[in-house]
There are 2 protein chains.
Amino acid sequence: MSEARARLLKAATELFYTEGIHAVGVDRVIAAAQVTRATMYRHFPSKDDLVVAYLTQADEAIRARTAAARAQDATPEDIVRAVGTHIADDIQRRGFRGCAFLNAAAEYPDPAHPVHKAVLKHRKWFLDTVTELLAAAGETHPEPAARHFVMLRDGAMAAGCLTDPKPVRDTFLAGIEGLLKYRNR
Amino acid sequence: MSEARARLLKAATELFYTEGIHAVGVDRVIAAAQVTRATMYRHFPSKDDLVVAYLTQADEAIRARTAAARAQDATPEDIVRAVGTHIADDIQRRGFRGCAFLNAAAEYPDPAHPVHKAVLKHRKWFLDTVTELLAAAGETHPEPAARHFVMLRDGAMAAGCLTDPKPVRDTFLAGIEGLLKYRNR
DNA sequence: GGCGAGATAGAACGATCGGTCTACTTGAGT
DNA sequence: ACTCAAGTAGACCGATCGTTCTATCTCGCC
């Protein structure tokens, strides 16, 4: 990846995530990245492509983080907890502004739009992954349990930047513990 | 309320909720409401005011619906269930596009913005209300339980328009039943 | 009939929007 | 030295944006 492209993606990520996608025009991304319009359009044919790239990069980071958690030498329950802890830690991170994917979906509600599609792709992977993790932890009904996990995750992501993140984080982790405690097996 | 104002609010509600706030310019609201620009600005000093009015109307509708549920002759548990059922029914409604408040917050992340403030105001009322309902249902720790309820609600709202709403609805209602079943008392 | 409230039609404003284009420069590789 | 890829500077385009404004009309009330 070229340096200009990296600067563009970094600037877009920060601005889109912090202020919203429609609220940030390409001019601001260009200025923050210190590149020219021609350079931007050389790397991304349109603003939509830049947005998709931003989401794809976020998706890849979460996948890598989740793969690392699965590769560690831990019990299946602890891997579920580790994934939960990643989310909980995000919520308390400085600059946390909710879930990039949910925020993007709110701004691009048309299911046919490439941005919306990128969101759905990420979410499918995440739900499938949590399903696998819960099955590995002995849950005999992993699909409903995973849906519950994801619901808590989505709710925690939504609320974590609208209120004090501490109780949101605690509620979320307690919910995950409840899922592990009351699992069917 | 004048007829023109009502038409404006109705048009804004449909367009903003369906397509997103930034994605819909005042021209489209004006055309859909069949009023002139002067009429729109006569009733709403700015687009932001129109957006706040849209959210305020949604807030009032939910408050009225909740008040009606509380006024019914039912056990406290059943009132909690009724509130949950409202949410579940919304999720399966034709045209469901998530939570108007969460969607608006995604587009207006600045806590000082009047739109963002309208979102927070609604959410505070909702959390307080659920806290009261759970206390009335005998929950000795109503605040954490209410946070859990709201987290499930937020998660269900977020996911209900990104995937098949049926399992989302079922997961949500099961979560509420779990809250009632495992309450502390 | 006169008045006031509320509505109409629609032009105009300055700013921003996403995207296109030209001319030129720089640096690495051959 | 030449070529090519990638970058620069920045002008330009048509469209849209949210807002302001003027002139006029309609309707209900007194």
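Residues are numbered from 1 along each chain as its sequence is written, and chains are lettered from A in the order in which they are written. In this predicted model, local features need pLDDT of at least 70, side-chain atom pairs count only at pLDDT 80 or more, and totals for chains, interfaces and linings use all residues, while side-chain values use heavy atoms, with hydrogens and water left out.

**View 1. The interface of chain B and chain A.** Chain B gives 32 residues to the contact and chain A gives 32 residues, contact meaning heavy atoms within 4.5 Å. About 2,500 Å² is buried between the two chains, 73% of it on carbon and sulfur atoms. Buried area is the accessible area (1.4 Å probe) that two parts lose on being put together, summed over both. On the side of chain B, the residues that lose the most area to chain A are B:Met151, B:Leu162 and B:Thr171, together 27% of what that side buries.

**View 2. Elements and residue classes on the side of chain B that touches chain A.** Two or more residues each come from helices H1 (3–19), H6 (100–107), H7 (114–136), H8 (142–159) and H9 (165–181) of chain B. Helices are DSSP runs (H or I, at least four residues), as strands are (E, at least two), numbered from the N terminus. H8(B) supplies the largest share, 10 residues. By class, this side has 17 nonpolar, nine polar and six charged residues. Here Ala, Val, Leu, Ile, Met, Phe, Trp, Tyr, Cys and Pro count as nonpolar, Asp, Glu, Lys and Arg as charged, and the others, Gly among them, as polar.

**View 3. The axis relating the two chains.**

View 4. A:Asp59 and A:Arg63 form a salt bridge whose closest N and O atoms are 2.9 Å apart. The term denotes a side-chain nitrogen of Lys or Arg within 4 Å of a carboxyl oxygen of Asp or Glu. Because they are four residues apart in helix H4 (residues 47–71) of chain A, A:Asp59 and A:Arg63 are separated by about one helical turn. The structure holds 30 salt bridges over all chains, whereas the count between chain B and chain A is zero.
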